[in-house]
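Hi there,

Here is the structure I promised to pass on to you. Please open it alongside this email, and then read on for what turned up.

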Amino acid sequence: MSPSSQTPDPRLSINQATIKHADLVTALRVTADAGVRSIGLWREPVHAVGLDVAARMLSDSGLRFSTHCRGGFFTLPAGADRETALDDNRRAIEETATLAAAGAEGSTAVLVLVAGGLPAGSRDLIGARERVRDAIGVLAPEAEAAGVTLAIEPLHPMYASDRAVISTLGHALDIASDFAPEVVGAAVDTFHIWWDPQVLEQIARAGRENRIATYQVCDWKTPLAADVLLSRHYTGDGVIDFGSLTRAVVATGYDRDIEVEIFNAEIWADAPESVVRRTAETFAAAVSPHLA
């Protein structure tokens with residue numbers, strides 16, 4: 001899809017983080033105007049207008065809903081703060097169900113979970129990981145009742161201290177295995193897992209266990225930004241082999257939307273219309289050829 005006038009890949013979904021500074025009405029408009037058929041939403045823009053309004057806006061846009069970001073942050077020890085975090089995740093489950101029902105046919109009720117990092121002053125990585133497992137155990141029955149899949153997202157190990165103590169797809173699947181696959185799965189995000197020597201084996205395992213709740217793509221390029229959170233790039237601009245990873249995901253039978261999720265200050269500073277167009281073009285070049 002080199003010419004910008006061509007139709008975007010029908011499986012492309014724009015994760016709202018890619019156009020972070022666009023409010024919800026703008027994000028929905030520029031995505032639909034570009035011919036993209038699906039969007040993944042973030043909770044903050046939804047909260048800015050209210051859930052009922054957001055659901056109506058999504059319905060009016062005609063777009064599918066691919067994921068809701070984000071729940072999680074489960075590593076706090078027992079106490080009031082942990083209970084507050086669990087309550088917030090309960091609200092996120094409700095939001096996910098409501099938005100999935102409002103989206104176009106083919107929408108998926110998937111809540112992406114970021115595990116959380118080490119609590120302040122703690123070095124107990126093992127304990128933090130167990131608290132993640134325990135929290136998902138608390139929330140799983142509520143997610144099941146709402147028809148929502150909790151997608152554990154492993155993050156690159158450089159985020160283990162402050163964002164996610166779950167660093168590999170294998171570890172995410174180990175936790176998910178305690179629950180039914182329609183209730184707890186995994187988010188397969190190329191930025192976070194491309195480096196893992198076991199990545200293809202674990203993608204295949206995720207397929208066998210029916211655990212791929214969402215496939216998200218963006219690229220890794222060095223040098224990393226000073227804030228490593230903002231080091232994600234358009235597909236094809238870095239070193240990730242989207243061919244091998246995408247073919248592995250497709251081989252599992254995954255046939256749903258594929259989100260592009262980018263955190264990058266320069267991309268955020270660009271006009272959202274340009275970002276969506278560029279996202280569609282780079283997706284068509286780097287990912288689409290491997291979806292057949």
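This is a predicted model: local features need pLDDT of at least 70, side-chain atom pairs count only at pLDDT 80 or more; totals for chains, interfaces and linings use all residues.

Let me start with strand E4, residues 110-114. Five of its five residues are buried, so the strand is largely enclosed by the rest of the structure. If you look along E4, you will see Val110, Val112 and Val114 pointing one way, with Leu111 and Leu113 pointing the other way. Both sets of side chains are buried. Strand E3, residues 64-72, runs parallel to E4 and is joined to it by four bridges.

Next comes helix H1, which spans residues 24-33. Which of its residues are buried? They are Leu24, Thr26, Ala27, Leu28, Val30 and Thr31. These buried residues pack against quite a list of elements: strands E1 (12-15) and E2 (38-42), together with helices H2 (43-49), H3 and H11 (272-286). Just after H1, have a look at Gly35, whose phi is positive, at about 90°.

H3, one of the packing partners of H1, also meets another helix. Helix H3 covers residues 51-61 and helix H4 covers residues 80-102; their axes come within 8 Å and cross at roughly 25°. An angle under 35 degrees counts as roughly parallel, so that is how H3 lies relative to H4. The crossing of these two helices is right-handed. On the H3 side, the contact is made by Leu51, Ala54, Ala55, Leu58 and Ser59, while H4 brings in Glu95, Thr98, Leu99 and Ala102. Sorted by class, this H3–H4 contact has six nonpolar residues, two polar ones and one charged one.

The other helix pair is H5 (residues 125-146) with H6 (residues 169-176). The axes of H5 and H6 are 10 Å apart, and the helices pack at an angle of about 45°. H5 and H6 are therefore oblique to each other. H5 passes H6 in a right-handed crossing. From H5, Arg129, Val132, Arg133 and Ile136 meet His171, Asp174 and Ile175 of H6. By class, the contact of H5 with H6 has three nonpolar, one polar and three charged residues.

Happy browsing, and do write back with any thoughts.

Best wishes

Definitions and conventions. Residues are numbered from 1 along each chain as its sequence is written. Side-chain values use heavy atoms; hydrogens and water are left out. Axes are lines fitted to C-alpha atoms, for helices over the stretch in contact, and angles run from 0 to 180 degrees between N-to-C directions. Angles under 35 degrees count as roughly parallel, over 145 as roughly antiparallel, 65 to 115 as roughly perpendicular and the rest as oblique. A crossing is left-handed if the near helix is turned anticlockwise from the far one by less than a right angle, and right-handed if clockwise. Contact means heavy atoms within 4.5 Å. Ala, Val, Leu, Ile, Met, Phe, Trp, Tyr, Cys and Pro count as nonpolar, Asp, Glu, Lys and Arg as charged, and the others, Gly among them, as polar. Buried means under 20% relative accessible area, exposed over 50%, partly exposed in between (1.4 Å probe, protein chains only). Two strands pair if DSSP finds at least two bridges between them.
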